[in-house]
Amino acid sequence: MQRSVPPAGRTANPAPPRRRPPPRVPLPAADPRERTSSISRPHAHREFLDHLDGYIREAKKILDAWNVYSDEHTDLDGWPYDDHAYGLRQQQRNADTATAFENLRAGARHLLETADAQLPLVPAGTAQTRWIYQLGVLRDALERLDTLQEQWLLTRDSLPTNARSGTDAFDAALAEHHAECWSYLDDWATHGHVIREIHTAARHAPSPLAPPPTTRPAPAAGRTIPARR
C-alpha cells in the first residue's frame, strides 16, 4: 500500500513552502492624523485585540497537542503508523483551529486597517522592519480565508438536500474546506502578534498634537526676582 506523505512541518520530506505575492505596503496619508478614523472606537478595538490574543493562545494549544500526537504516532522518518487514524486526527486539528478563528473573523480586517493607521505614528527608531512584511502575510491570509469561505458556502449549497452535518458527503466536503484553510489560519496564529506590537508601540509614541513646551516669561527690566530660601 502506498504510504501517505507526512504533513507539512515534519522533518521528513517537508512540503515546499507556499509562494505568496509580495505584501502590499500601505500607502501613508499626507497627515497621519487623517488615518486614525479606524481607531475611533477604542472599546471595539480593545475587544478585537482580546479576540486576537485569545485565538493565538488557543491555536498554540491546538498545534502543541497535534505535535505531541504526531510525534507519538509516526516513525523516525515521519511516516504515520496508521494512515487513517492519523488523517482523522489531522482533520480534528484543522477543524478546531477554524472554530477558534471564528471569534476573531469579524474583527480581523478592522485590526489590519487600524495597524496600518498606527504605523505612521510609531517613531522610526521603534518600528520593526518585519512589521510591513508580517502585515502583508496577514492580509494575504485573510483574503484567502474570505475567498475559501465564499467557496465553501457555494459548495455547501450545492450538496444534496439530505447532506447535513454528520453525513459522509457533508463531513468530507467540510474537512476538505478546513484543510485548505489551515495554513492561512496558522499564518494568523504565527504572525498575529505583530498587531499587538504595533498597537503598543503607537500608544507609547509621542502625540503628534502635543503642545510645544511653555517657557517662563523673562523678568521685566529693572525688576529683580527674590531668591528662594
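This is a predicted model: local features need pLDDT of at least 70, side-chain atom pairs count only at pLDDT 80 or more; totals for chains, interfaces and linings use all residues.
What is the volume of the largest cavity?

1. To take the opening question at once: the largest cavity has a volume of about 50 Å³. When the whole structure is searched, one cavity of 30 Å³ or more turns up.

2. The largest cavity is lined by Tyr-55, Ala-59, Ile-62, Leu-63, Arg-93, Thr-97, Trp-182, Leu-185, Asp-186 and Ala-189. Helices α1 (42-72), α2 and α4 (168-191) each contribute at least two residues to that lining.

3. Seven of the residues lining the largest cavity are nonpolar, one is polar and two are charged.

4. Now for the helix pair. The axes of α2 (residues 83-118) and α5 (residues 193-203) approach within 9 Å and cross at roughly 40°. Because angles under 35 degrees count as roughly parallel and those from 65 to 115 as roughly perpendicular, α2 is oblique to α5. The crossing of α2 and α5 is left-handed.

5. Which residues of α2 and α5 make the contact? On the α2 side they are Leu-111, Leu-112, Ala-115 and Gln-118, while α5 brings Ile-195, Ile-198, His-199 and Ala-202. Sorted by class, the contact of α2 with α5 holds six nonpolar residues and two polar ones, with no charged residues.

Note on methods. Residues are numbered from 1 along each chain as its sequence is written. Side-chain values use heavy atoms; hydrogens and water are left out. Axes are lines fitted to C-alpha atoms, for helices over the stretch in contact, and angles run from 0 to 180 degrees between N-to-C directions. Helices (H or I, at least four residues) and strands (E, at least two) are DSSP runs, numbered from the N terminus. Angles under 35 degrees count as roughly parallel, over 145 as roughly antiparallel, 65 to 115 as roughly perpendicular and the rest as oblique. A crossing is left-handed if the near helix is turned anticlockwise from the far one by less than a right angle, and right-handed if clockwise. Contact means heavy atoms within 4.5 Å. Ala, Val, Leu, Ile, Met, Phe, Trp, Tyr, Cys and Pro count as nonpolar, Asp, Glu, Lys and Arg as charged, and the others, Gly among them, as polar. On a 1 Å grid over the protein atoms alone, a cavity is a set of points where a 1.4 Å probe fits but cannot get out, and a pocket is an open set with protein on both sides within 12 Å along at least five of seven lines; lining residues have an atom within 4 Å of a point. Grid points are joined across faces, edges and corners, and a volume is the space filled by probe spheres set on the points.
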